[in-house]
Amino acid sequence: MMEKQEADILYCLYYEPFINQRVLSEMSGHSLGVVNRAVKRLIQNSYLDGHMQLTEKARAEFRSKRPENAIILAAGFGMRMVPINQEVPKALLEVNGEKLIDRLIGQLHEVGIRDITVVVGFMRDSFAYLTHKYGAYDKSSACGVTLVYNEEYAVKNNISSLNLVTGRLSNTYIVPCDLWCDRNPFRRRELYSWYMVNDMVEDASDVRANRRQELIRIPGRTGGNGMSGICYLTKEHSAVVRSRIKAFADDPDYDGKFWEEALYQDGRMIVRARVVHATDVVEVNTYEQLRELDCDSGQLKSDALDTIAGVLNCGTNDITDIEVLKKGMTNRSFLFTCRGQKYIMRIPGEGTDRLVNRRQEAEVYQAVSGQGLCDSPVFMDPENGYKITRFLSHARTCDTGQVQDLQACMGKLREFHGKNLQVGHTFDLFGQIEFYERLWDGGQSAYKDYADTKEKVFRLRAFIDAQEKQWCLTHIDAVCDNFLFYRNGDGPEELQLADWEYAGMQDPHLDIAMFAVYAFSSKREVDQLIKIYFQGPCGDAVRVKIYCYVAASGLLWSNWCEYKRMLGVEFGEYSKRQYRFAKDFCRYAAAGIKQLEETVPPHP
């Protein structure tokens with residue numbers, strides 16, 4: 001197998017006639033000693049003749065490794081582009097008036113690559129123009145753009161995208177869609193497989209190019225070469241990657257991983273490094289990166305940022321250090337700094353306007369203001385749901401594996417429920433189950449036994465209605481991630497309850513059930529949670545009522561997930577487990593109700 005240095009020298013000689021070894025050294029970037037050894041081996045292996053001309057063997061090598069096609073991965077949300085990509089996939093962001101994906105396709109065309117496959121997902125219809133602009137793929141001419149839809153884009157990473165098109169892997173470029181390449185990174189001829197990294201050290205990178213131009217996996221956050229994501233695979237390595245991607249696609253452990261996992265073997269990539277300057281290939285993955293690359297981009301305009309500027313009386317350029325937070329199930333939120341103070345901006349997610357009444361949410365915040373339950377928002381728009389809150393430094397969420405955290409969270413719920421706060425609207429648990437179902441607009445549940453499960457859940461309603469209840473403001477979304485532990489200076493750890501979007505008048509015991517279903521609690525863990533909340537045993541009827549609430553809550557959030565699925569937003573295992581709660585706790589509740597009925601003494 002030809003060494004990388006030999007291939008680099010041969011590549012130079014393909015385009016430029018030989019002058020001397022020193023010129024070859026300058027052209028290839030290799031030392032004079034490396035060039036001398038490489039030239040000697042190329043002559044020995046019959047790739048160069050005595051006049052330093054390429055032989056037919058060398059030209060055949062170029063023909064066999066010549067690039068044939070490209071795959072562009074463009075299915076993802078591009079969540080880190082919030083707040084500017086609610087309506088634009090990141091591949092369609094414009095830099096200097098040119099869409100990222102159009103520039104990549106244009107650069108592929110410059111080197112003769114006309115067979116291009118684009119794997120799409122989020123806002124897939126936005127990419128339809130590509131087949132009109134560049135032509136749909138024509139097999140006879142191996143020319144045009146093919147769009148392939150990844151329906152799992154919301155719940156899996158790009159291994160699932162590449163798995164859909166492994167049959168197209170040959171002498172192939174694999175390209176992420178979020179790159180701005182100042183210089184064309186593609187070439188008409190290649191001699192070996194490579195993965196592109198840059199010469200900048202990045203803590204987030206777990207790969208480093210060594211002196212032999214091998215890509216070695218390193219411990220996280222120890223500083224590796226920045227990964228551009230562009231890769232060239234020859235047919236030999238395409239066969240290896242194809243096999244591994246197919247295996248990974250069937251393994252749930254790889255759902256959240258990147259396709260580059262298929263390149264690693266024994267701690268290093270099976271392909272060589274191609275190192276470029278950091279400015280040659282720039283990843284446009286965040287608002288800040290786009291602003292740095294093109295400060296005049298029209299897509300930097302955002303009504304969310306305009307809102308922040310108006311509320312905080314600043315310019316949009318004063319809004320810095322934008323960092324997207326972990327994607328919420330209802331909203332998209334980002335952290336930002338303004339004049340030294342950190343804040344969080346909430347932007348409602350897809351279809352949220354049909355799920356949450358923002359005026360009622362504003363009423364809830366008014367009711368809890370000053371109660372020591374949470375900080376009041378700096379700003380909230382009851383029309384569009386935009387909300388600005390101050391950022392709690394060093395905050396953490398509840399660890400459900402720690403009894404102390406469970407005790408603190410249940411204590412916070414008792415404190416909240418004990419205030420007996422009142423608002424003007426009710427959270428109708430069973431009404432909401434049916435409301436979410438109606439939002440399917442005639443669509444069918446993914447679960448074949450949905451009708452039977454729903455019937456069993458609704459049978460529990462009579463028992464719930466027959467129980468005595470306190471009726472007060474209830475959080476409804478009292479899940480472990482909404483309990484925030486934080487410190488003010490050197491003081492003791494404090495606790496807040498966040499995200500009051502669904503709150504309304506209800507039986508406060510419903511909050512215990514909501515905590516349990518989000519934490520994926522077993523029946524034993526639900527019983528433990530009940531005991532912690534009540535600081536000891538509670539009556540059997542109350543415990544069974546909470547089982548009923550767990551079953552109903554599972555179906556509620558399962559229906560909510562099914563509505564989001566129909567909008568193209570998947571929650572995968574979370575959705576399935578909510579549905580499982582509905583089924584399992586229906587049985588536990590029904591058994592408990594039966595036992596209660598059997599222990600009630602007969603009327604005289």
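Me: Which residues line the second largest cavity?

Reply: The lining is made up of Cys12, Leu13, Glu16, Pro17, Phe18, Ile19, Asn20, Val23, Leu24 and Met27. These residues count as lining because each has an atom within 4 Å of a point of the cavity. The model is a predicted one, in which local features need pLDDT of at least 70 and side-chain atom pairs count only at pLDDT 80 or more, whereas totals for chains, interfaces and linings use all residues. Residues are numbered from 1 along each chain as its sequence is written, and side-chain values use heavy atoms, with hydrogens and water left out.

Me: What makes this space a cavity, and how much space lies in it?

Reply: On a 1 Å grid over the protein atoms alone, a cavity is a set of points where a 1.4 Å probe fits but cannot get out. The space in the second largest cavity is about 30 Å³, a volume being the space filled by probe spheres set on points that are joined across faces, edges and corners. Two cavities of 30 Å³ or more are counted. H1 and H2 each supply at least two lining residues of the second largest cavity, and H2 gives the most, with three. Both are called helices because they are DSSP runs of H or I with at least four residues, numbered from the N terminus; strands are runs of E with at least two.

Me: Why is Arg59 called partly exposed?

Reply: Its relative accessibility is 37%. Buried means under 20% relative accessible area and exposed over 50%, with partly exposed in between (1.4 Å probe, protein chains only), so Arg59 belongs to the middle class. Arg59 lies in helix H4 (residues 56-65).

Me: What class does Asp266 belong to, and how do you know?

Reply: Asp266 has 73% relative accessibility and therefore counts as exposed. Asp266 is found in the loop between strand S12 (264-265) and S13. Its phi is near 55°, a positive value in a residue other than glycine.

Me: How do you know that Arg272 has no salt bridge?

Reply: A salt bridge requires a side-chain nitrogen of Lys or Arg within 4 Å of a carboxyl oxygen of Asp or Glu. For the buried Arg272, the nearest side chain of opposite charge is Glu3, at 4.9 Å; Lys and Arg count as positive and Asp and Glu as negative, while His and the chain ends are not counted. Arg272 lies in strand S13 (residues 268-276).

Me: What does the side chain of Arg272 reach, and what makes this a polar contact?

Reply: It reaches the backbone oxygen of Met2 at 2.7 Å. A polar contact is a pair of N or O atoms within 3.5 Å; within protein, one must be able to donate a hydrogen and the other to accept it, and residues adjacent in sequence count only if both atoms are side-chain atoms. The distance of 2.7 Å therefore falls within the limit.

Me: Are Glu361 and Arg346 buried or exposed?

Reply: Glu361, at 0% relative accessibility, counts as buried, and so does Arg346 at 4%. The two form a salt bridge with their closest N and O atoms 2.6 Å apart. This pair links distant parts of the chain, with Glu361 in helix H11 (residues 358-368) and Arg346 in strand S17 (residues 341-348), 15 residues apart.

Terms used. On a 1 Å grid over the protein atoms alone, a cavity is a set of points where a 1.4 Å probe fits but cannot get out, and a pocket is an open set with protein on both sides within 12 Å along at least five of seven lines; lining residues have an atom within 4 Å of a point.
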